[in-house]
Amino acid sequence: MSLVVDSVVKRFERFPALNGVSLTAPQGAFLALVGPSGSGKTTLLRILGGLEFPDSGSVHFADLNWLDVPARDRRAGFVFQQYALFKHMTVAQNIGFGLSVRPRRQRPSRREIARRVEELLALVQLEGFAKRYPNQLSGGQRQRVALARALAIEPRLLLLDEPFGALDAKVRKELRGWLRALHERMGITSVFVTHDQEEAFALADLVAIMNAGKIEQYGTPEDVRRAPKTAFVAEFLEIVPHQKSAAGQYRNDRYST
Amino acid sequence: MKHWRSPTSDHPLTRLVFMLIAVSVVATFLVLPLATVFSEALSKGFSVAWTAVDEPDARAAIRLTLMVAAIAVPLNAAFGLAASWAIAKFDFRGKQFLTTLIDLPFSISPVVSGLIYVLIFGLQGWLGSTLRDWDFKVIFALPGIVLATMFVTFPFVVRELIPLMTDQGRDEEEAATSLGASGFQTFLRVTLPNIKWGLLYGVLLCNARAMGEFGAVSVVSGHIRGLTDTMPLHVEVLYNEYQYVGAFAVASILALLAILTLVFKSLLEWHFADEIAATHRH
């Protein structure tokens, strides 16, 4: 059940989004796609989810030609950046959606769906929120509902697009550790996109550093940090301490006068 | 202590002036004419007005108007839904052109819209002789009136839905697909619930205009009393014959239908306020 992406190229009308991207990840890996905005990381994630198709190249997952599998049959749990919860459904209906749209023969009974929803609510620590609507939840809670909804279909592949992008630093740190633990418990292959290299390195088994539609370097966080292959990677990894000092400098200038 | 005014609120006097202007405009241009319609209709008493509405030609006009609306509005709701779905959710060549084309009925004079159909389906028109051979009447008959009404009222649903659907984006549909929903399930369970209030509003506007359309229908109807006269046309006929009570009585029914439409909409909004708030983007 490994993931193999080979020479994927994707062009949008004006600009190339992916310029020949290849990577391999073993079953159960937690893979981070990290890079500045416009580097093609979200496009690659959407291709894995079947929401976008490459112009050339191939994707294999679980020994299937993944591109031949329609999005609705992939069982790829997708967690969107803005959550994309169904606004008119309660939390329980949101989470149960994937089960309730199954063809009649594979569809669990109402009671079974309700039971599974309860389980998932417990898993994401939202017991008692079943009857709320998404607009009655905080950002972190919405995020967890989106995750529970994606997990309800027993995904073979979990895809997360900037899962913590819209949350404040404290909630982000909390959810991060929790997501990692969850990933290990479920044993599925997960791919997540982030522009925050600190987040990528703290969470992932493998990181792909992307820039301008290409993977600059791909490997374990330790390897990448120890031996950056390109000038871009080295610079990208240094950005955090560099930025911090710049911000401190700015603050000093502003407040000392 | 000084009393500070919020930066976005105006001086009380300014507010009063603007309110007075708004109220007087509404009173002069909306309430007064509407009241006149009813008072003229009832000027010789209720029974006279009722007799004017209850005669065969008036009844035929009411029946025809309701029938035209009952055919044209559902069809336009379906076409409008399809067009806005295509425009808001997909990218394709000529999309801009299609959007402009949909606005055409709003910018064309209704009389011209009616003439178009006479030129196509009329006896001297492109399809005239063929239709005569099949013995199928379009112009000066129900099909022509329905066609003209549909043409004029087509933009209402689409104009309501396109901004709404564009604004909502494709995220929820993509989520539904990735969770295993088919296209039809996605439409029925995600798209439709999200747009139902916009759709309803468009349908109500469309309905109000469909019942009230005069120009386009006037050209294709042929004014056959008791057969192809709709309510607005019947009002004009009566008025030209100096039957003021009759004209205003039929006009009152038209106005009542419009008011009923608005009341219906308000009732729905009031009853489903919570749900509307929930589906509103946050």
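The dialogue below takes up one residue, then the contact between two chains, then one chain as a whole.

Reply: This is a predicted model, in which local features need pLDDT of at least 70 and side-chain atom pairs count only at pLDDT 80 or more, while totals for chains, interfaces and linings use all residues. Residues are numbered from 1 along each chain as its sequence is written, and chains are lettered from A and ligands numbered from 1 in the order in which they are written.

Me: In which strand does Asp6(A) lie?

Reply: Helices (H or I, at least four residues) and strands (E, at least two) are DSSP runs, numbered from the N terminus. Asp6(A) belongs to strand S1, residues 3-11 of chain A.

Me: Why does Asp6(A) count as partly exposed?

Reply: A residue is buried if 20 or more other C-beta atoms, placed from the backbone, lie within 10 Å of its own, exposed if 12 or fewer, and partly exposed in between. Asp6(A) is partly exposed because it has 14 C-beta neighbours inside 10 Å.

Me: How many residues of chain A are in contact with chain B?

Reply: Two residues are in contact if their C-beta atoms, placed from the backbone, lie within 7 Å. Here 20 residues of chain A are in contact with 17 of chain B. Strand S6 (76-79) and helix H2 (91-100) of chain A each supply at least two residues to this side of chain A.

Me: How many helices and strands has chain B?

Reply: Chain B has 13 helices and zero strands. Of its 282 residues, 34% count as buried.
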